[in-house]
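Look at the structure before reading on.

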Amino acid sequence: MVEISHNIEIHNLSTWFGSKKILRDITCYFRDNSVTAIMGPSGCGKSTLLRTLNRLNDLVPSFRREGVVLFRGQDIYKPGSSVYELRKRIGMVFQKPNPFPMSVRDNIMYGPKLHGVKDDNELDKIVEDSLKRAALWDEVKDELDQPAPNLSGGQQQRLCIARALSVDPPVLLMDEPVSSLDPLSAGKIEELIVELKKDYTIILVTHNVQQAFRVSDEAAFLYLGELVEFNSTKKIAVAPQDERTEAFITGRIG
Amino acid sequence: MSDEGQSIFSNRFLFLREWITNVKQSRRHLADFLFKAALTAIVVIIIAPFFLIVFQVASIGFWQVFGTGRGQGIEFFLTFPGVGLEGGIRNAIVGTVELVVLASAVGIPLSVLGAVYINEYARSGLVRNIVEFTSDVLAGIPSIVIGAFGFTFLASFLNLGMGVLAGSLTLAFMMIPTVLRTTQEALRAVPMSLREGSLALGATKWSTTWNVTMRAAFPGLVTGVLLAIGRIMGETAPLIFTAGNSLSVPTELVGSGSWVASIPYTIWAYISDPREYLQAKAHGAALGLMLMVLAVTVVANLISRKVTRRLV
C-alpha cells in the first residue's frame, strides 16, 4: 500500500447527475494544514467536487460516480463505510449562512450531542472553544441563549463555521462562504480562514479570483468539469500554465 | 377666527367642486368612482355575515352566557342538563373537549408523520401523488358522508358501537387532510440548506428531520393543527351517527356507557326542540362554542408567535 501523506486524495473521479457528466476524470490531493482554493466559472463543477468529498451528493437520487476518494487512506464510498462518521470528520460551511432555528448555544452543541457528548461541562467547553476559534466568542458570549437567526449575516456565517468546528473535523469544506456577505463581514471571514489553516485542511470553493489569491496556498482551476490546473497559488497567479487559466484569472472567461 | 373658518370652508368647498367637475368632465373618473363604490359594497357584504351571526347568537343567547341569574353565566357551563334539559350544558362541553382531545391524539400524529414521510422520505412521485390526491379528496367529502362512514365502518363493522371512541375517530378522519397538507406546506418551506447543514455534521436523516426541519416548520405546523381543531370542534354531522348523545359524561371508551354529548350536537338538538326555554340555551351554547374556538385560535397564535420569535 502506498504511504498516505494527505487527508484527502482523489483518483480518477468522474461524476454524473443523470446522464449529464459533471466532473471529468479528476486526480489530485489536498495538502494538509493549508488552504486550497477551487476556482472556476459558475457551473464548472466546483460545488459538486466539494460535495463529493463529504458524500452530500448522495442526497441527489440521480448522482453517479466513478473513481476513488480517499480520506486518510480509506475509500469513503466503500460499501459499509459510515457516512455519518465521515461527515463528522469532514466539516462543511455553506454559501448562505444556515443557522438552525435554535439558540446560539444549541447550534454549537447540536453536532457534539449527535456524536454522543453528554457531559454539560464538556459541552460548555466545546461551545466556548468553537466560538473562540471562529472569532465569534467576544461578540456573542452574553447572548448564547438568543436565537441564532437574530445574529447578523456575518455573525451567522461565523457561527456556522463554529458549528462545523464543534465536532473537531480535520478537514473543512467551504462552499463560497462569503459570497452572500457584505465586504466587511467577508473580510473577517477571510482572515479567519487564514487563521484556521494552522489546524485544519481547508478546501475553499470560490468564483472570486482575488479572494482565492488572498487566502489560498494552493489553487485548482476547474473548467467544464475538467481539472485544468492545480498548483501553488503564487505560481498560478504569476504564471498560469494553461491559457484557459490565464483567461479566467484575467477575467476573460467566467 | 371667522376668517379662518371661512377659508377652511371654502377650501373644502373648492375640493368638492373640483371633484364634481372631474366626475362630470371625465367618464374615466366616473368609472373609477363606480368601481370603488362597488368594491366598498362588496366588502360590506363580505363582512356582514360575521356581524349578523354574532348579533343573532348574542341577541338570544347573551344572557345565558353572561347573565348572573339562576342557571346563567358560569352555572350554565358547569351544571348538567337534567331530565327536562332545564340545567346547563356541562355534558356537551366535557364531551366536546374529550372528543377533540382524543381525535387530536389520533389524527395529529398520523397526519404529521404522514406529511413527514411524503415530504422527507418518499422518493417516488407515485406514493406522494397518491397520498396528496386521497387527502385532497378526503378534504372535499361532505361531513355527513364521513359521519355515515364512521357509523358503518367504525361503529358497525369494527363493532365499536356509538360513543366517544367512534365519534373521535370519525373526527380524526376529518382532521387528517388539513393537518397533513399544512404540515407538508410548512416542511416544503424549510430551506434545503438547513437540512444539509445538519447532515453535513454527521446527523442521521431522522435526527435532521426531527431536530432541524420539524423545528423550522413548527409555526406552520401549529397553524395547521389549530385550523383542524377549530374545524372539528364545530362539526355536527360526523357525530350524529357516531357519538350518540348523553345527559352526562362518558364512563367507558366503548359500549353504552361511552355515549357522549357535544356542543354542536346539543345546539342542533335544542334548536330543533319545541320547548321555548331551550332556544336561549342553544344560542348560549353557540356563543360558548364560538368563544372556545376563538380561545383556541388565540392561544395557538400566541404559541406559534412565541416559538417563531424564539427560534426563527
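Buried area is the accessible area, taken with a 1.4 Å probe, that two parts lose on being put together, summed over both. The model is predicted. In it, chain B and chain A bury about 2,000 Å² between them. Carbon and sulfur atoms hold 64% of that area. Glu196(B), Ala200(B) and Leu201(B) supply 31% of the area that chain B buries against chain A, more than any other three residues.

The contact itself draws on both chains, and its counts are tabulated here.

| Item | Value |
|---|---|
| Residues from chain B in the contact | 23 residues |
| Residues from chain A in the contact | 27 residues |
| Salt bridges between chain B and chain A | one salt bridge |
| Polar contacts between chain B and chain A, both residues at pLDDT 80 or more | five residue pairs |

The salt bridge joins the side chains of Arg51(A) and Glu196(B), at 2.7 Å from N to O. Three helices of chain B, H8 (192-199), H9 (205-233) and H12 (277-311), each supply at least two residues of the side that touches chain A. H9(B) gives the largest share of that side, seven residues.

Now the patch. Phe35(B), Leu39(B), Ile42(B), Val43(B), Ile46(B), Ile47(B), Phe50(B) and Phe51(B) form a nonpolar patch on the surface. Their accessible area together is about 830 Å². Ile47(B) lies in helix H2 (residues 27-66) of chain B.

Definitions and conventions:
Residues numbered from 1 in each chain as written. Chains lettered and ligands numbered in written order. Predicted model: local features only at pLDDT ≥ 70, side-chain atom pairs only at ≥ 80, totals over all residues. Heavy atoms only, no water. Patch = residues over 30% accessible without salt bridge, like charges linked within 9 Å, V, L, I, M, F, W, Y side chains within 5 Å. Areas by Shrake-Rupley, 256 points an atom, 1.4 Å probe, with all protein chains shown as cover. Salt bridge = Lys/Arg side-chain N within 4 Å of Asp/Glu carboxyl O. Helix = DSSP H or I, 4+ residues; strand = E, 2+ residues; numbered from the N terminus. Contact = heavy atoms within 4.5 Å. Polar contact = N/O pair within 3.5 Å; in protein donor to acceptor, adjacent residues only side chain to side chain.
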